[in-house]
Amino acid sequence: MATTEPVSEERLKKIIDATRSALTPYVSKPEMLEKYLPKPPFGFLQMVIREVIEKSGYAEGLFTPDELNEKLKKEKEEKLDFLKKIINCVILTMRKNLAIKPMKVAAGLEPDKTNLFLRMLVECAKNKDKY
């Protein structure tokens with residue numbers, strides 16, 4: 001089984017800076033990006049994904065209002081289903097594979113891959129008419 005080398009702090013900082021820059025036009029509370037991008041919790045991801053969908057129209061209709069409501073408590077399976085939906089949507093839209101595991105995203109692990117996914121989401125949102 002192949003293991004992934006941990007990302008250096010310096011590299012992760014660059015990844016997070018790029019993600020913050022990409023997400024700022026879509027997120028109503030950009031100060032949250034600084035706090036949560038290093039280890040994004042599920043509620044934060046859900047809020048960011050909801051705001052990208054609302055502001056861009058990309059992936060509109062993919063989720064029910066309850067799925068997008070970060071104030072409603074979600075069980076583990078609901079979190080994983082939510083993440084699987086949006087990750088698969090981005091992968092299908094961009095026609096690129098993304099080596100990301102929803103379980104690790106939900107647990108706040110592999111922030112480098114989660115940040116890459118968020119940038120890919122923004123790319124889809126910016127170019128939704130192109131895809």
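Tutor: pLDDT is the predictor's confidence in each residue, from 0 to 100, and this structure is a predicted model.

Student: What is the mean pLDDT of the protein?
Tutor: Of the residues in this predicted model, 97% reach a pLDDT of 70 or more. The mean pLDDT of the protein is 92.

Student: How many helices and how many strands does the protein have?
Tutor: Along the sequence the pattern reads α-α-α-α-α-α-α. The count is therefore 7 helices and 0 strands.

Student: Why is the protein described as compact as a globular protein of that length?
Tutor: The globule rule gives 14 Å for 131 residues. The protein is as compact as a globular protein of that length because its radius of gyration is close to that value, at 14 Å.

Student: Which elements give two or more residues to the largest nonpolar core?
Tutor: This core holds 37 residues, and Leu23, Val48, Ile49, Tyr58, Val90 and Phe117 touch the most other members. Two or more residues come from each of helix 1 (9-23), helix 3 (42-56), helix 5 (76-94) and helix 7 (111-126).

Student: Which residues does Val48 touch, not counting residues up to four places away in sequence?
Tutor: Val48 is one of the residues that touch the most other members of the core. With residues up to four places away in sequence left out, Val48 touches Leu23, Val27 and Leu118.

Definitions and conventions: Residues numbered from 1 in each chain as written. Predicted model: local features only at pLDDT ≥ 70, side-chain atom pairs only at ≥ 80, totals over all residues. Heavy atoms only, no water. Core = buried A, V, L, I, M, F, W, Y, C linked by side-chain atoms within 4.5 Å. Buried < 20%, exposed > 50% of the residue type's maximum accessible area, 1.4 Å probe, protein only. Helix = DSSP H or I, 4+ residues; strand = E, 2+ residues; numbered from the N terminus. Contact = heavy atoms within 4.5 Å. Rg over C-alpha atoms; globule rule 2.2 N^0.38 Å.
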